[in-house]
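Take a look at the picture, then read on.

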Amino acid sequence: MRLQICAALGAALLCASPALLGQATESSINKQIGGLRDVPDAQRPAATTKIAMDIRTLPAGLPKLKLADALVHLSTEGDPGRDTLQAAADTLAQALTENPLPPKGDQPPMPYMDLAKLARYEGISTSMKDPLLDKAAAILAADDADVEKSDFTLKDLNGKKWTLSALKGNIVVVNFWATWCPPCRKEMTDLDLIYTHYKQQGLVILSLTNEDPFKVSQFIGPTGYHPPVLLDGGGKTGKAFHVDGLPRTFVFNREGKLVAESIDMRTQGQFFAMFAKAGLEPQTK
């Protein structure tokens, strides 16, 4: 009798839902991803890594791939550390290897582009071998070449015209943002502080948005934000810079050469590391 009871209990445990056994499910991971921005910055790297590990336990398929790609988009906000970014990248690579996607015309699907961006802009390594990943890397290199040749003339909120090529001799930062973008708003405090302290060294920060001027003015006014806010009506400049997500930042040295860029929100320390590539020297007392 006891053996029969044990056997019945064993069968019940085997048939129990993953949630009852404490195993991550697609639903539970979606909930974790949805709340990741609410996690305190100090705890976010560990939370991101845990989600990456949970995703790896899911069966291969498109749902797993979508979760892995969604996590990558959030993992690049701020500075979670190389290990956390590597965990997110490895999870995406695993999901793509298990469930390859066909090209969209002659373009790699977004997950391949996202993995290539981690490699090019975040210094993450991947052992994944795929022609579509190679194609994505080549597209990013070509896009950067386009950016380096790009020029624009835009008006700021006060009607003053700014021309990128006319700013040679300065370290120029071109930052694309929007009022509705939480990571954009979060990094603006650091951009403002750095601009205020280093503009005398020839640091120019241009914040570009394609939103309605009145809406932008209403948002900027109370913040006391000092860098010029330029109006990219119609998003023409954003398209020329191949901006497909916000915030996005490009750094040009005094000779007008593109020396650094970010694909998401940066911390103050990350901004200083980017600007140092353009020759910005920290102030000493």
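A nonpolar core is a set of buried Ala, Val, Leu, Ile, Met, Phe, Trp, Tyr and Cys residues, joined through side-chain atoms within 4.5 Å. Keep in mind that this is a predicted model.

With that in hand, let's start inside. The largest nonpolar core has 37 residues, and the ones touching the most other members are Ile29, Tyr112 and Leu115. The largest share is from α5, which brings eight residues.

Tyr112 is worth a stop. Setting aside neighbours within four places in sequence, its contacts are Leu96, Pro100, Leu101, Met128, Asp130, Leu132, Leu133 and Ala136. There's also a second, separate core, with 24 residues; Ala178, Met188, Tyr198 and Ile220 are among them.

Now for a pair of helices. How do α2 and α4 cross? Their axes come within 11 Å, at an angle of roughly 15°. Angles under 35 degrees count as roughly parallel, so α2 is roughly parallel to α4. The crossing of α2 past α4 is left-handed.

Here's who makes the contact:

| Helix | Residue range | Contact residues |
|---|---|---|
| α2 | residues 26-34 | Glu26, Ile29, Asn30 and Ile33 |
| α4 | residues 62-75 | Pro63, Leu67, Ala70, Leu71 and Leu74 |

By type, the residues in this contact are seven nonpolar, one polar and one charged.

Technical notes. Residues are numbered from 1 along each chain as its sequence is written. This is a predicted model: local features need pLDDT of at least 70, side-chain atom pairs count only at pLDDT 80 or more; totals for chains, interfaces and linings use all residues. Side-chain values use heavy atoms; hydrogens and water are left out. Axes are lines fitted to C-alpha atoms, for helices over the stretch in contact, and angles run from 0 to 180 degrees between N-to-C directions. Helices (H or I, at least four residues) and strands (E, at least two) are DSSP runs, numbered from the N terminus. Angles under 35 degrees count as roughly parallel, over 145 as roughly antiparallel, 65 to 115 as roughly perpendicular and the rest as oblique. A crossing is left-handed if the near helix is turned anticlockwise from the far one by less than a right angle, and right-handed if clockwise. Contact means heavy atoms within 4.5 Å. Ala, Val, Leu, Ile, Met, Phe, Trp, Tyr, Cys and Pro count as nonpolar, Asp, Glu, Lys and Arg as charged, and the others, Gly among them, as polar. Buried means under 20% relative accessible area, exposed over 50%, partly exposed in between (1.4 Å probe, protein chains only).
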